[in-house]
Amino acid sequence: MKTNQTTGKTGEDLAEDFLKKNGFRVIEKNFSGRYGEIDIIALDKDTLVFVEVKTRTSSQFGNPLEAITSWKLRTLTKTAQFYKLTHQNLPDSLRIDAVSVELFPNGELKNIEHVRNISGF
């Protein structure tokens, strides 16, 4: 049986592979800033993208994307702004995306979904 932490790590690795296959260049993972953590930071052409990854092994608590609350979105936005201030050599165009990863109980990938611009940032 997987712990939440190993399930989350599996989801982040799958999300990273998915993003790379779709043309993103991952520049950092698990960035911790003063306001929170960002799972994946990547470049999508000339846009700096902050990606929140949510992984679930069952639908008991709903779709993974439903776990991104307005509070979580605020902390993501603050952390993204902090990151941009401390990495000024990166593109000025910013976006916050989400990747939903659903796994079968055995840990195999069931579904992955990428939603762009979840914040209107």
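Colleague: In which strand is the place of Asn30?

Modeller: Asn30 sits in strand S1, which covers residues 25-32. Strands here are DSSP runs of E with at least two residues, helices are runs of H or I with at least four residues, and both are numbered from the N terminus. This is a predicted model, in which local features need pLDDT of at least 70, side-chain atom pairs count only at pLDDT 80 or more, and totals for chains, interfaces and linings use all residues. Numbering starts from 1 along each chain as its sequence is written, and side-chain values use heavy atoms, with hydrogens and water left out.

Colleague: Why is Asn30 called partly exposed?

Modeller: Buried means under 20% relative accessible area, exposed means over 50%, and partly exposed is in between (1.4 Å probe, protein chains only). Asn30 has 34% relative accessibility, so it counts as partly exposed.

Colleague: Where does Lys45 lie, and what makes it exposed or buried?

Modeller: Lys45 belongs to the loop between strand S2 (37-44) and strand S3 (47-56). The relative accessible area of Lys45 is 74%, so it is exposed.

Colleague: How do you know whether Glu52 counts as buried or exposed?

Modeller: Glu52, found in strand S3, has 3% relative accessibility and therefore counts as buried. Apart from neighbours within four places in sequence, the residues in contact with Glu52 (heavy atoms within 4.5 Å) include Ile68, Leu76 and Val99.

Colleague: With which side chain does Glu52 make a polar contact?

Modeller: The partner is the side chain of Lys54, at 3.3 Å. A polar contact is a pair of N or O atoms within 3.5 Å; within protein, one must be able to donate a hydrogen and the other to accept it, and residues adjacent in sequence count only if both atoms are side-chain atoms.

Colleague: What makes Arg95 buried, and which side chain makes a polar contact with it?

Modeller: Arg95 is in strand S4 (residues 94-103). Its relative accessible area is 12%, so Arg95 is buried. The side chains of Arg95 and Asp44 form a polar contact at 3.0 Å.

Colleague: Why is Asn117 called partly exposed, and with which residues is it in contact?

Modeller: Asn117 comes in the segment after strand S5 (109-115). A relative accessible area of 37% makes Asn117 partly exposed. Leaving aside neighbours within four places in sequence, Asn117 is in contact with Arg95, Ile96 and Asp97.

Colleague: What does the radius of gyration of the protein agree with?

Modeller: The globule rule is 2.2 Å times the number of residues to the power 0.38, and the radius is taken over C-alpha atoms. For 121 residues, a compact globule would have a value near 14 Å; the protein has 14 Å, which agrees. The C-alpha atoms fill a box of roughly 40 × 30 × 20 Å along the principal axes.

Colleague: What pattern does the protein follow along the sequence?

Modeller: The order is α-β-β-β-α-β-β, with two helices and five strands. Of the 121 residues, 41% count as buried.
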